[in-house]
Amino acid sequence: MAKAFDDRAVAWVLFVAMAASLYLVFLYVPTEREMGIIQRIFYFHVPLAWISFLAFLIVCVAGIQYLRQRSRWWDALGTSAAEIGVLFSTLVLITGSIWAKPIWGTWWTWEPRLVTFLILWFIYVGYLLLRAAAGDDERRARLAAVVGIVGFLDVPLVFFSARLLRGLSPVVFTRQGAGLAPPMLWTLLVSLATFTLLFVLLLRQRLFLELAKDEVEALKELIP
């Protein structure tokens, strides 16, 4: 039987972390000289992208483990992480467009990092559509696992595209460091930690719901 995760303590820590992040973003960190106040979206945009990559990494690992073990738990973990990853990657595209409009003068431009990230988004939207449309559970799980593994190959392309192809997107972390003033760096790190904690909480709860759904379906089969 699926056991509910008691995440009340984590939720309280997340609440404090969220409050701290909002304080740092809107009251503590200085306004960027060239981009102005719109640059503050950076402290949400980058963590959202980080969580997207983390979620899709989990989908990839879960897919590999499912193909090895044929365990429903790994399949449930993969679909749970994929749903959250698609949600956060959608927010990446939205916040990126809001940021781009006043800076680049357009909501969208076909530069390398944006294009590769959009491809990544399409891949995992396709993953979710496959899970909704495929046949029996085992076949669906196998196909989804393969898509989740192959799709993750696009993540390194997103990461290195701005470095190798020299697009418009700024490179924050380089071999020389973060390239940010200390207050900006600390604000970014706190925001990254906060969104990571949010992801962990969401993933645990979504996994519980996925496993509970299996139990409901099993109980339905027992009803004459």
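Let me start with phenylalanine 199. Leaving aside residues up to four places away in sequence, phenylalanine 199 touches Ile51, Leu54, Ala55, Ile58 and Ile84, where contact means heavy atoms within 4.5 Å.

A word on the source. This is a predicted model, in which local features need pLDDT of at least 70 and side-chain atom pairs count only at pLDDT 80 or more, while totals for chains, interfaces and linings use all residues. Residues are numbered from 1 along each chain as its sequence is written, and side-chain values use heavy atoms, with hydrogens and water left out.

Now the core. By nonpolar core I mean a set of buried Ala, Val, Leu, Ile, Met, Phe, Trp, Tyr and Cys residues joined through side-chain atoms within 4.5 Å; buried is under 20% relative accessible area, with a 1.4 Å probe and protein chains only. The largest one has 37 residues, and Phe199 is among those touching the most other members, as are Ile58, Phe88, Phe117, Leu120, Tyr124 and Leu203. Two or more residues each come from helix 2 (42–69), helix 3 (72–104), helix 4 (112–133), helix 6 (154–164) and helix 7 (182–222). Helix 2 gives the largest share, 11 residues. A second, separate core has 10 residues, including Ile41, Val46, Leu188 and Leu192.

Finally, the whole chain. The protein chain has seven helices and zero strands, taken as DSSP runs numbered from the N terminus: H or I of at least four residues for helices, E of at least two for strands. Of its 224 residues, 42% count as buried. Among contacts with a separation of 6 or more, 78% join residues 24 or more positions apart.

Note on methods. Buried means under 20% relative accessible area, exposed over 50%, partly exposed in between (1.4 Å probe, protein chains only).
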